[in-house]
Amino acid sequence: MKIQGKMFMWLSVFVLVMAVVYGVWSKEPAGTTALFLAFGLCIMIGFYLGFTAKRVDVGAQDNKEADVADDAGEVGFFSPHSWQPLSLGIGGALAFLSVAIGWWLMYFSLPIILIGVWGWVFEYYRGENRTQ
């Protein structure tokens, strides 16, 4: 994590320099503001990664003599099957379609989204996957 933090800090320096150069050269406020906001985001991510790297164990990415196999292991738990993303996708598509067609369509998409979120949160509290 230490390397990623340093990379984001150096990226933030580059984005800051580019924001100043772009702002002076173009005198265009929207792009200059966007670049300064990107600088702020890079600083936040770099600070978080550097701050977290001090409190966790050294990972394989921080060891210069590490192999790829040194970073192997369990990544996390992933659901083998779930119908909830389909419900969320349909509800989200209807919600974004309501911007183009009419806001009345949001009344139909919101219950579908809420059912999908509810099902996803409580997926392992009922049914055959209850014990996982």
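These notebook entries record what I looked up in one predicted model.

**Entry 1. Ground rules**

I worked with a predicted model, in which local features need pLDDT of at least 70 and side-chain atom pairs count only at pLDDT 80 or more, while totals for chains, interfaces and linings use all residues. Residues are numbered from 1 along each chain as its sequence is written, and side-chain values use heavy atoms, with hydrogens and water left out.

**Entry 2. The whole chain**

I began with the secondary structure and found 4 helices and 0 strands. Here helices (H or I, at least four residues) and strands (E, at least two) are DSSP runs, numbered from the N terminus. Read from the N terminus on, the elements run α-α-α-α.

I then looked up the dimensions. The C-alpha atoms fill a box of roughly 50 × 50 × 20 Å along the principal axes. The radius of gyration of the chain is 23 Å, whereas a compact globule of 132 residues would have one near 14 Å. That radius is taken over C-alpha atoms, and the globule rule is 2.2 Å times the number of residues to the power 0.38.

Next came the surface. I noted an accessible surface of about 10500 Å², with 72% of it belonging to carbon and sulfur atoms; such areas come from the Shrake-Rupley method with a 1.4 Å probe, and for residues only the protein chains shown count as cover. Of the 132 residues, 20% count as buried. Buried means under 20% relative accessible area, exposed over 50%, and partly exposed in between (1.4 Å probe, protein chains only).

I also looked up contacts, that is, heavy atoms within 4.5 Å. Among those between residues at least 6 apart in sequence, 59% join residues at least 24 apart.

**Entry 3. Helices H1 and H2**

Which residues of H1 are buried? I listed Gly5, Ser12, Val15 and Ala19, and these buried residues pack against H2. H1 has 25 residues and reaches 36 Å from its first C-alpha to its last, close to the 36 Å expected at 1.5 Å a residue. The expected span is 1.5 Å times one less than the number of residues.

For H2, the end C-alpha atoms are 36 Å apart, which agrees with the 36 Å that its 25 residues should span at 1.5 Å a residue. The buried residues of H2 include Gly31, Cys42, Gly46 and Leu49, and the buried residues of this helix pack against helix H1 (2-26).

Ser12 is found in H1 and counts as buried because its relative accessible area is 1%. Leaving aside neighbours within four places in sequence, Ser12 is in contact with Phe39, Cys42 and Ile43. Gly46 belongs to helix H2 (residues 29-53) and is buried, at a relative accessible area of 2%. With neighbours within four places again set aside, Gly46 is in contact with Gly5, Phe8 and Met9. Gly46 and Phe36 are 10 residues apart in sequence and 15 Å apart in space, C-alpha to C-alpha.

**Entry 4. The loop between them**

Lys27 lies in the loop between H1 and H2. Is Lys27 buried or exposed? Lys27 counts as exposed because its relative accessibility is 66%. I also noted that Lys27 has a positive phi of about 55 degrees, although it is not a glycine. Most residues other than glycine have a negative phi.

Glu28 caps the N-terminal end of H2, with a side-chain oxygen 3.3 Å from the backbone nitrogen of Ala30.

Gln84 lies in helix H3 (residues 84-101) and counts as buried at 15% relative accessibility. Not counting residues up to four places away in sequence, Gln84 touches Ile115, Gly116, Gly119, Trp120 and Glu123.

Glu128 is in the segment after helix H4 (106-121) and is exposed, with a relative accessible area of 67%. Glu128 and Ser79 are 49 residues apart in sequence and 13 Å apart in space, C-alpha to C-alpha.

**Entry 5. The UniProt record**

Which residues does UniProt list for "transmembrane region"? The unreviewed entry lists residues 7-25, 31-51 and 94-121; positions are in the numbering used here, feature names are shortened, and annotations may be inferred rather than shown by experiment. In the model, residues 7-25 are 100% helix and 0% strand, with end C-alpha atoms 27 Å apart. Residues 94-121 are 86% helix and 0% strand, and their end C-alpha atoms lie 21 Å apart.

Conventions:
Polar contact = N/O pair within 3.5 Å; in protein donor to acceptor, adjacent residues only side chain to side chain.
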